[in-house]
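Please open the model in your viewer and keep the selection tool at hand.

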Amino acid sequence: MNHHATDARRRSSGRLGLRHNRILTAFAVAGLLAAAARPAGAQVCACDTDVNADGLNNAADVLAVAACVGAPPVGACAAADVNCSGVINAADTRAAICGFTLGPSCDCCTCYCDGDVEGDGDVDFGDMVAAVGCIGVVPIGAPCESADVDCNGIVNEGDADAVVCLFSSPFPPSRTTCCNCGCDADADGSGAATCADTAVVEGCFGVFPTGACLGADVDCNGAVDEADFSAAQCVLNGGSAGPCCGCQCMAEVNGDGIMNVADALAITACLGDPRTGVCAAADVNCSGFIDAADVAAWQCRFQGGTPCVCCAPSTACPTGGPHLPAGELGCSVPADCPAGFDCVAATCYAPRSRYLAFVPNYPTCPMAFQVTLAASALFPGSVGGIWWVDAPNAAGTSRLVAAPVFRLWPEPVIHVADCEVTPAATYAISAFDGVAFSAPLLLDTVPLPTPPRVWGDTVGINTGCDWSGPNGVVNVNDFLAALWVFMGASPVVPPVPWVNVAGGAGPPSCMNDVVNFLDIYQIILAFQGATYPYLDPALCPACPP
């Protein structure tokens with residue numbers, strides 16, 4: 001039986017990431033934003049909480065700041081920008097309060113890193129949604145005055161990351177950790193990363209990152225230099241924070257200090273390999289994978305081109321849109337496929353958490369399809385369990401049943417989702433005509449992610465035209481992908497089977513074929529380290545069709 005895995009998707013090298021793609025976890029990136037706010041007495045910011053200059057730090061100073069909220073910090077309001085962020089907002093009011101309640105020796109202009117964006121007294125998922133809704137909005141006035149969680153003067157994806165960090169930490173959260181630099185390429189504070197941001201960075205070389213240069217210190221090392229330019233370009237290309245704040249879009253790949261043909265050969269030798277070891281520098285265009293576009297970017301740089309030209313992403317989506325039909329992208333080995341995909345039955349296939357998908361290949365012959373649990377990291381005692389694929393329901397999803405279901409299978413793709421389909425497992429699917437079985441098709445679900453967690457990895461990154469497949473970690477992108485499917489908040493969303501992980505139809509372990517808050521909540525719990533919450537396949541009930 002020549003089954004084909006479905007949801008084949010084409011990699012488009014160097015494509016521009018949407019704003020949403022830049023919502024990146026900042027947990028492990030070192031260094032609090034240098035320009036976020038300055039402690040009392042710091043050279044670049046006086047942090048003077050005596051706003052009305054009467055020699056006292058008292059409530060009158062708070063009122064003086066409040067009267068200037070939203071106004072530019074000039075003239076009578078020049079002193080109201082207490083934390084020197086370039087705008088007058090709630091952070092300045094907090095600093096003034098700090099000055100008269102705790103004394104001017106207090107570090108009043110240090111970032112408060114307060115994730116209670118909604119102002120309801122706690123930090124939760126609603127605060128993250130509120131922060132996302134304020135991305136690109138100046139943090140002045142309701143509802144966005146508290147959305148600049150990391151106190152860098154703009155509201156961007158780093159603020160959503162900070163909120164998630166604050167409410168997701170299993171220990172008392174560290175404000176320093178949660179408001180660490182997010183390697184944000186939106187240098188001009190427009191709410192979107194574009195090539196214009198690299199021009200801002202270039203114009204701020206050697207300037208302390210404050211005022212108009214506040215967002216130019218992309219790699220958060222306290223200075224604005226060529227490394228920030230490269231980091232911004234990397235984020236524009238869809239890369240993630242860690243690699244991007246080291247990516248230089250350089251043509252010197254093999255580490256010998258010379259840009260020559262040997263570097264092109266080094267890239268060629270790394271095609272399809274992960275960006276590690278000797279291949280760490282081969283991802284020239286910082287797209288997240290090593291492919292022919294890196295060779296082209298190398299040639300462009302070798303011939304004297306600039307990073308913004310040579311490593312600029314393509315804004316064109318691949319033919320067929322974000323989710324190409326089955327068979328659109330063939331493969332011989334996994335390296336032929338985009339990041340996060342496997343090569344299964346000569347077709348690129350993104351493993352899912354609680355779904356299987358295959359092409360039946362028997363539209364005119366009555367067949368039954370048997371599913372056997374061949375391996376399971378979570379439930380090894382259930383290996384060997386056997387079920388049969390039921391006819392698709394109104395949502396186009398098949399359940400698993402105890403007896404063979406013989407029918408014509410005209411559907412181009414069969415999606416199977418049920419209690420028995422779990423992460424970190426391998427399933428064997430065989431066609432049965434009543435006499436003999438075909439050779440089995442082996443399909444894996446999403447493997448266990450790292451750092452040590454038991455499930456929850458659903459997607460990789462949003463490249464602007466598409467989503468890469470599961471990338472081995474559980475982070476903000478996993479539950480934001482589900483959120484955007486639920487809200488329809490992005491023009492590029494992953495397929496429902498990728499992020500539909502929760503039940504709701506009958507027993508909780510049964511699937512409901514829709515993406516809603518239950519899916520988002522379960523992924524958040526997985527992000528926090530919660531174990532897989534559903535039943536062992538051997539104990540699954542009969543689920544509603």
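**The nonpolar cores**

Begin by selecting Phe125, Met128 and Phe479, which touch the most other members of the largest nonpolar core, a set of 47 residues. A nonpolar core here is a set of buried Ala, Val, Leu, Ile, Met, Phe, Trp, Tyr and Cys residues joined through side-chain atoms within 4.5 Å; buried means under 20% relative accessible area, exposed over 50%, and partly exposed in between (1.4 Å probe, protein chains only). At least two residues of this core come from each of helix H3 (125–133), helix H4 (157–168), H12, helix H13 (496–499) and H14. H12 gives the most, with 7 residues. Helices (H or I, at least four residues) and strands (E, at least two) are DSSP runs, numbered from the N terminus.

The model is predicted: local features need pLDDT of at least 70, side-chain atom pairs count only at pLDDT 80 or more, and totals for chains, interfaces and linings use all residues. Residues are numbered from 1 along each chain as its sequence is written, and side-chain values use heavy atoms, with hydrogens and water left out.

Centre the view on Phe479. Leaving aside residues up to four places away in sequence, Phe479 touches Phe125, Met128, Val164, Ile520, Ile523, Ile524 and Phe527, where contact means heavy atoms within 4.5 Å. A second, separate core has 23 residues, among them Tyr349, Val416, Ala425 and Leu443.

**The open sheet**

Next, display the strands in the order E7-E5-E4-E9-E10: these 5 strands form an open sheet with antiparallel pairing. Strand E7 (400–401) and strand E10 (441–444) stand at the edges with a single partner strand each, so one side of each is left without a neighbour in the sheet. Two strands pair if DSSP finds at least two bridges between them. Within the sheet, select strand E4 (residues 368–376) and strand E9 (residues 425–432), which pair in the antiparallel sense over 8 bridges. Gln370 has Ser430 in E9 as its bridge partner.

Then move to Ala424, in the loop between strand E8 (414–416) and E9. Ala424 has a positive phi of about 55° although it is not a glycine. Most residues other than glycine have a negative phi. Ala424 counts as buried because its relative accessible area is 11%.

**The salt bridges**

The structure holds 2 salt bridges, each defined by a side-chain nitrogen of Lys or Arg within 4 Å of a carboxyl oxygen of Asp or Glu. Select Asp513 and Arg399, whose side chains meet at 2.8 Å, N to O. Asp513 lies in the loop between H13 and H14, and Arg399 in the loop between strand E6 (397–398) and E7, so the pair ties together parts that are 114 residues apart in sequence. Asp513 is buried at 14% relative accessibility, and Arg399 is buried at 4%. For the other selection, take Arg407 and Glu411, which form a salt bridge with the closest N and O atoms 3.0 Å apart.

**The surface**

Finally, switch to a surface view and select Phe486, Met487, Phe517 and Tyr521, which make a nonpolar patch of about 410 Å². Patches are made of residues with over 30% relative accessible area and no salt bridge; like charges are joined within 9 Å, and nonpolar side chains (Val, Leu, Ile, Met, Phe, Trp, Tyr) within 5 Å. Helix H12 (476–487) and helix H14 (517–527) each supply at least two residues of the patch. Met487, in helix H12, counts as partly exposed because its relative accessibility is 47%.

Note on methods
Areas by Shrake-Rupley, 256 points an atom, 1.4 Å probe, with all protein chains shown as cover.
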